[in-house]
Amino acid sequence: MYRILVVEDEEDIREILKNYLSSEGYQVVLADDGVDGIAKFHGGSYDLILLDVMMPKIDGFGVCELIRRESDVPVIMLTALDEEEYQIRGLDLKADDYITKPFSMPVLLRKIAAVLRRIHKEEGAGQICYKSLRVDLTGHHIYVLENEDSEKPGKRTEVELTQKEFEMLHVLLINKGIVLTRQKLLNLVWGEDYFGEERIVDTHIKNIRRKLGCNYISTIRGVGYRIDKDY
């Protein structure tokens with residue numbers, strides 16, 4: 001299920017978007033202004049963000065700029081500002097689309113679906129590749145390739161991870177280059193309602209490293225864990 005963050009200061013529009021998106025099978029998280037939007041973004045993992053422009057505290061352009069410093073998550077901007085200069089500004093901030101209000105909900109839903117299809121295709125139709133790892137998100141398989149740097153890689157070995165180990169590795173891979181704290185990993189993998197010990201994260205990281213037979217997960221002392229970008 002795709003997870004969408006809606007950042008919109010008008011309550012009636014927030015509720016309309018939530019109802020339509022939920023009826024289409026999306027999981028929806030709501031934020032009522034720019035500051036709340038940034039907090040929700042940092043507290044979760046999303047497949048797409050719907051971002052209003054005219055908001056108090058931090059406008060949509062500012063939110064988009066902050067998000068782009070950390071993530072390439074797709075962003076569709078929603079605004080009553082239809083002048084070309086505002087659309088250009090949004091696209092210059094690497095927004096994936098820019099829709100002016102009032103908008104057609106069926107059109108918005110199709111634009112969301114189109115952006116998600118494109119991103120899904122770019123990510124290899126449900127597969128994440130990182131160094132010697134091949135993660136099949138659809139089939140829930142993880143493979144480690146031998147001699148991945150040579151012209152003729154050797155055999156691949158399937159590694160069995162628990163559900164939580166798989167989810168944690170997935171979260172780290174889609175956030176390459178970003179340090180994730182133990183608390184954020186708990187929120188993303190176990191959910192924000194989990195009240196257990198943070199050290200369970202350390203145990204799972206240790207198990208992932210052992211099972212993979214390669215240590216791609218760096219420990220950032222006093223902060224959390226990170227998988228480096230594969231340049």
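This short talk goes through the salt bridges of the model and then one of its helices.

Please keep in mind that this is a predicted model, in which local features need pLDDT of at least 70 and side-chain atom pairs count only at pLDDT 80 or more, while totals for chains, interfaces and linings use all residues. Residues are numbered from 1 along each chain as its sequence is written, and side-chain values use heavy atoms, with hydrogens and water left out.

The structure holds 11 salt bridges, a salt bridge being a side-chain nitrogen of Lys or Arg within 4 Å of a carboxyl oxygen of Asp or Glu. One of them pairs K57 with D33, whose closest N and O atoms are 3.4 Å apart. Because K57 sits in the loop between β3 (48-52) and α3, and D33 in the loop between β2 (27-31) and α2 (34-42), this pair ties together parts that are 24 residues apart in sequence; helices (H or I, at least four residues) and strands (E, at least two) are DSSP runs, numbered from the N terminus. K57 is exposed at 67% relative accessibility, whereas D33 is buried at 9%, where buried means under 20% relative accessible area, exposed over 50%, and partly exposed in between, with a 1.4 Å probe and protein chains only.

Turning to R182 and D202, their side chains meet in a salt bridge at 2.8 Å, N to O. R182 lies in helix α7 and D202 in helix α8, so parts 20 residues apart in sequence are tied together.

Finally, helix α3 (residues 60-68) is mostly covered, with 7 of its 9 residues buried, among them F61 and I67.
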